[in-house]
Amino acid sequence: MQNHRCLFIIAVGLLVAAAPATAEKKWQGQLLHTPILGANLAGAKVVLGPISGRCSREFGDLLRQDLLAHGVTIVSDKELTAAAAEHHLQLTGPPSGGSAELAHLLGPTDVISADISVCQALPREPIMGSGLPATHISRTEGHFLASLRVVDFASGNELAVLTLRADPTKENESQTSIPEHPAPAELIDIATRQAIDQSRHLYAPYKENQEFVFMDDKECNLRQSWDLLKAGDFSGLVRAARANAESCQAGPKIAAAAWYDLAIAYMLVQ
């Protein structure tokens, strides 16, 4: 994946240096991504480490429920305590990684911890409508910001860091008087659940809306590649785009476009 991103960056640089290609199209669609942890979670258990900040208990409970719902095995506090006691090991608070002896007893284990820096809901100033009928609006905004960190239990090596951010809003309307603001607790709950949806990128496949510019010049069969992209044949696109890029002899501008299209193709199939 990293090599494909490097290829994409290089291709963009070549394309800019060579000036824009004569023909381009925009593609929009959803890309299916594999979980960020991928193989690091295969066959491994999870320990919920320290979760700090406001809403930490609510977020921790939801995260635990979601992990279990997606088939992730969680090591309970009882299991940790029992394993430590059996082998005369000391536990001082929630585990945060770097516990080689305890990890040896548990098997492959990852530690997920979170630092929540923002979890709040703010009622905004009511908006007074004008005209007849006038619509008055009371809006409440929710805000959640946290850093989710995953480390290997045995070594303490960092496996992933994910920033979670949610800013939902909800409003009430009335044509007779200033309406009540939506309850702050409701917005905090919505924001927290949206953050859980983002956490899921670690351990479950997810879809992401994407828009790409794709070159479809007649030279070097780039238009053929565009037809494969429109048809959703990503595997065929990779084969065709690679052949186009490697054989293109139409000058630096079209050659750069061909390599750019190949980079896009690689990103689409990850």
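**Aromatic pairs and helix packing**

Trp 27, Phe 212 and Phe 234 are joined into a cluster by ring pairs. The model is a predicted one. Across the whole structure, a search returns four aromatic pairs. In the pair of Trp 27 and Phe 212, the ring centres are 6.0 Å apart and the planes stand at 15 degrees. Planes under 30 degrees apart count as stacked, so this pair is stacked. Trp 27 belongs to strand β1 (residues 24-33), and Phe 212 to strand β7 (residues 206-215). The pair therefore ties together parts that are 185 residues apart in sequence. Trp 27 has a relative accessibility of 11% and counts as buried. Phe 212 is also buried, at 7%.

A further aromatic pair is formed by Phe 214 and Trp 226. The ring centres lie 6.1 Å apart, with 35 degrees between the planes, and the pair is tilted. Phe 214 lies in strand β7, whereas Trp 226 lies in helix α6 (residues 222-230). This pair ties together parts that are 12 residues apart in sequence. Phe 214 has a relative accessible area of 0% and is buried. Trp 226 is buried as well, with a value of 8%. The cut-off for buried is under 20% relative accessible area.

Helix α6 also packs against helix α7 (residues 234-247), their axes coming within 8 Å. The axes cross at roughly 170 degrees. Angles over 145 degrees count as roughly antiparallel, so α6 is roughly antiparallel to α7. On the α6 side, the contact is made by Leu 222, Ser 225, Leu 228 and Leu 229. Helix α7 contributes Phe 234, Gly 236, Leu 237, Ala 240, Ala 241 and Asn 244. Seven residues of this contact are nonpolar and three are polar. None is charged. Phe 234 of this contact is also a member of the aromatic cluster with Trp 27 and Phe 212.

Leaving out residues up to four places away in sequence, Ser 199 touches Phe 59, Leu 63, Leu 148, Leu 162 and Leu 164. With a relative accessible area of 45%, Ile 178 is partly exposed. Beyond its neighbours within four places in sequence, Ile 178 is in contact with Pro 126, Met 128, His 136 and Ser 138. Ile 178 and Ile 127 are 51 residues apart in sequence. In space, their C-alpha atoms are 8.4 Å apart.

For the protein overall, the secondary structure comprises eight helices and seven strands. The protein has 270 residues, of which 39% count as buried. Of the contacts between residues at least 6 apart in sequence, 74% join residues at least 24 apart. The accessible surface comes to about 14,800 Å². Carbon and sulfur atoms account for 51% of that surface.

Conventions: Residues numbered from 1 in each chain as written. Predicted model: local features only at pLDDT ≥ 70, side-chain atom pairs only at ≥ 80, totals over all residues. Heavy atoms only, no water. Phe/Tyr/Trp six-rings, centres within 6.5 Å; stacked < 30°, edge-to-face > 60°. Helix = DSSP H or I, 4+ residues; strand = E, 2+ residues; numbered from the N terminus. Buried < 20%, exposed > 50% of the residue type's maximum accessible area, 1.4 Å probe, protein only. Contact = heavy atoms within 4.5 Å. Areas by Shrake-Rupley, 256 points an atom, 1.4 Å probe, with all protein chains shown as cover. Axes fitted to C-alpha atoms, helices over the stretch in contact; angles between N-to-C directions. Parallel < 35°, antiparallel > 145°, perpendicular 65-115°, else oblique. Nonpolar A, V, L, I, M, F, W, Y, C, P; charged D, E, K, R; others polar.
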